[in-house]
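Here is a short report for a reader who is meeting this structure for the first time. Please look at the model below, then read on.

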Amino acid sequence: MPFPSARRLLRRWLRWLTGAWKPVLATVALLGALAGLGGFALVSLGLVSISASSGHWPATAWLLHYAMRRAVHTQSMGIEAPPLDDPALVLKGAGHYHTGCVACHGGPGQQQSLIVRQMTPEPPLLAPRIAHWEARELFWIVRNGVKFTAMPAWPARQREDEVWALVAFLQAMPTMSTERYRQLALGERAGETARPVTPDHLRPLQDPLEPVLANCNRCHAADGGGRGEGAFPRLAGQSEAYLLGTLQAYARGQRHSGIMQPIAAGLEPEMMQALASHYAGLPAVARTDAPAPATLAEGQALAERGVPERGVPSCAQCHGPKAGPRNPMYPRIAGQYARYLKQQLELFTAGQRGGSEYAQVMHSAARRLTPGQIQALADYYASLPPQSAPALADEPSAAAPFPVPR
């Protein structure tokens, strides 16, 4: 019968094909083993060039860049970008970009460092390249970094809001003028021009607080009122104990922020103390608009009574306003930006906001609030007149026992 004969022919052909390929496969395996041994010998003898000055072969550079592009495109799928045209987000991103990114990637009117141009691979000048990346891809790169380059991961992976702020700035940067960039990144220092180096100009550097404070003021403003509508918090008039504890929490990584952690970690204890004392001594500043009366009424009720049926204590017990003594480690939030207060409550709700040893009090309370209640509380406290903290000697000691709300 023809069918069995066809099957026999097929089996014979497959046996022959398998037999014919065996020498080929053996040869390929042998060549692969020899190539591997040869490569290992070159590495062991130290003959492989690893110097940054040697650069990459064009084929190597293309392959690495292609692999990076494909990995970012695939691994960023599913990430949804929030609205990024918010001026406060762009402002927040600009402050960090000037501190942590401009030396490598340049910016409007800002040249890359001569040092980074000697890297392999050389960090790209970003402004002309931003249009080639989607917002979700930029987010992935900023948050995760890129292996085998100098691009680090975000120091606080919990703070996706900070990463999106930087992405918002990156998307705005290609059309940004030099003047606009300096205004966003430097604030009140934007108008400064290069000055001759003379003894008179060097004299202010005798005070070590000056250059550090000038850097802080780029975001928090010289009067401590914070730049932007909630992009940065108001520091003026907070208690010295709270400000010092916050800087220490940032430095230890107990309060998460890819923007503040690297700055605080680089400060000596004496400098932290000096900064806390400086901002605590400034008069309180308010820069907020009054919300709707209905929101104020709801916020006031929440602040004064809490939500007993859901286990939310009175906010005023810790944060005021009240006539009795307050723990100086609890921040003064009257007159603070509503946007900033809302964000902090949302971070507490998500478990992404650390802080001092008292931070755990807020985690349980914030999780029991609805989004509407969070907004009402933020609006209410923002509407209150700010009050400066009393002198440290007039406040109860931070070590003194205070009732912890449950």
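Lys-342 and Glu-346 both lie in helix H15, which spans residues 338-350. They are four residues apart, about one turn of the helix. An α-helix has 3.6 residues a turn, so residues three or four places apart point the same way. The side chains of Lys-342 and Glu-346 meet in a salt bridge, at 2.6 Å from N to O. Lys-342 is partly exposed, because its relative accessibility is 26%. Glu-346 is partly exposed too, with a relative accessible area of 37%.

Salt bridges that share partners also build a network, which joins Lys-92, Arg-159, Asp-161 and Glu-162. This is a predicted model. The structure holds six salt bridges. Three of them are set out here.

| Salt bridge | N to O distance |
|---|---|
| Lys-342 and Glu-346 | 2.6 Å |
| Arg-159 and Asp-161 | 2.8 Å |
| Arg-159 and Glu-162 | 3.6 Å |

Is Arg-159 buried or exposed? Arg-159 counts as buried, because its relative accessibility is 5%, under the cut-off of 20%. Glu-162 is buried as well.

**The chain as a whole**

The chain has 17 helices and zero strands. It is made of 406 residues, and 40% of them count as buried. The chain exposes about 22800 Å². Carbon and sulfur atoms supply 62% of that area. Residues 24 or more positions apart account for 72% of them.

**Helix H5**

After H5 comes Gly-145, whose phi is positive, near 70°.

Phe-139 forms an aromatic pair with Trp-164. The ring centres are 4.3 Å apart and the planes are at 20°, and the pair is stacked. Phe-139 lies in helix H5 (residues 135-144) and Trp-164 in helix H6, so the pair ties together parts that are 25 residues apart in sequence. Trp-164 is buried, with a relative accessible area of 8%.

**More aromatic rings**

The structure holds six aromatic pairs. In one of them, the rings of Tyr-97 and Phe-169 have their centres 5.0 Å apart. Their planes are at 45°, so this pair is tilted. The pair links distant parts of the chain, 72 residues apart. Tyr-97 sits in helix H3 (residues 87-100), and Phe-169 sits in helix H6 (residues 160-172). Tyr-97 counts as buried, at 1% relative accessibility. Phe-169 counts as buried at 0%. Which rings form one aromatic cluster? They are Tyr-97, Phe-169 and Tyr-181.

A ring can also meet a charge. The charged end of Arg-69 sits over the ring of Trp-133, 3.8 Å from its centre.

**A nonpolar patch on the surface**

Six residues make a nonpolar surface patch of about 660 Å²: Leu-42, Val-43, Leu-45, Leu-47, Val-48 and Ile-50. Val-43 belongs to helix H1 (residues 2-44). Val-43 counts as exposed, because its relative accessible area is 54%, over the cut-off of 50%.

**Gln-373 in helix H17**

Gln-373 is found in helix H17, which covers residues 371-383. Its relative accessible area is 14%, so Gln-373 counts as buried. Which residues does Gln-373 touch, not counting those up to four places away in sequence? They are Glu-298, Leu-302, Val-307, Arg-310 and Arg-368.

Conventions: Residues numbered from 1 in each chain as written. Predicted model: local features only at pLDDT ≥ 70, side-chain atom pairs only at ≥ 80, totals over all residues. Heavy atoms only, no water. Helix = DSSP H or I, 4+ residues; strand = E, 2+ residues; numbered from the N terminus. Buried < 20%, exposed > 50% of the residue type's maximum accessible area, 1.4 Å probe, protein only. Contact = heavy atoms within 4.5 Å. Patch = residues over 30% accessible without salt bridge, like charges linked within 9 Å, V, L, I, M, F, W, Y side chains within 5 Å. Areas by Shrake-Rupley, 256 points an atom, 1.4 Å probe, with all protein chains shown as cover. Salt bridge = Lys/Arg side-chain N within 4 Å of Asp/Glu carboxyl O. Phe/Tyr/Trp six-rings, centres within 6.5 Å; stacked < 30°, edge-to-face > 60°. Lys NZ or Arg CZ within 6 Å of the ring centre and 35° of its normal.
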